[in-house]
Amino acid sequence: MVLHRKNGIEKWQIIEKLWPSIEMKKAEQNLYTTIYRLKKTFLESGIQLTIENIKGKYYIELSDCSIDIEEKTDWSIDQLFGDRVYKWKQELIRS
């Protein structure tokens, strides 16, 4: 959600990334439980977090947090991850 917070990410995309081999109904329940626990954990830690579902897309807002990947403008993917292959690495390249 952090990588997609400007445009949002659809529920099925999250489910596909986190629980690709689980039945959809169970995966949806996992998603809702995970979002609830995420909100609760951040709240208990004193970190402001908002997760919204707008028109089928999830958006996350971290009010009091800085995100280092946004602050540093002269980074390269290879500096961050080298030659390691991650499925989500392509998401960063396209952003």
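User: What makes β2 and β3 count as a pair, and in which sense do they run?

Analyst: First, a caution: this is a predicted model. β2 and β3 (residues 57-62) are joined by six bridges. Pairing needs at least two bridges, so the two strands qualify. The sense is antiparallel. In this pairing, Ile54 stands opposite Lys57 of β3.

User: Why are β1 and β2 called edge strands?

Analyst: Look at the strand order. The open sheet has three strands, arranged β1-β3-β2, with antiparallel pairing. β1 (9-10) and β2 (49-54) each have a single partner strand, so one side of each has no neighbour in the sheet.

User: What packs on the sheet, and at what angle to β2?

Analyst: Helix α2, residues 24-44, packs there and touches both β2 and β3. Its direction makes about 150° with that of β2.

User: Where is Lys55, and why is it called exposed?

Analyst: Lys55 lies in the loop between β2 and β3. Its relative accessibility is 83%.

User: What makes a group of residues a nonpolar core, and which residues have the most contacts inside the largest one?

Analyst: The members must be buried residues of the nonpolar set, joined through side-chain atoms within 4.5 Å. The largest such core has 13 residues. Leu31, Ile51 and Tyr58 have the most contacts inside it. Two or more residues come from each of α1 (11-18), α2, β2 and β3. As background, nonpolar side chains tend to be buried together in soluble globular proteins.

User: Which residues is Tyr58 in contact with, leaving aside its neighbours within four places in sequence?

Analyst: The partners of Tyr58 include Leu31 and Ile51. Also among them are Met1, Gly8, Ile9, Lys11 and Ile14. Heavy atoms within 4.5 Å make a contact.

User: How many helices and strands does the chain have, and what pattern do they follow?

Analyst: Five helices and three strands. Along the sequence they read β-α-α-β-β-α-α-α.

Note on methods: Residues numbered from 1 in each chain as written. Predicted model: local features only at pLDDT ≥ 70, side-chain atom pairs only at ≥ 80, totals over all residues. Heavy atoms only, no water. Helix = DSSP H or I, 4+ residues; strand = E, 2+ residues; numbered from the N terminus. Axes fitted to C-alpha atoms, helices over the stretch in contact; angles between N-to-C directions. Buried < 20%, exposed > 50% of the residue type's maximum accessible area, 1.4 Å probe, protein only.
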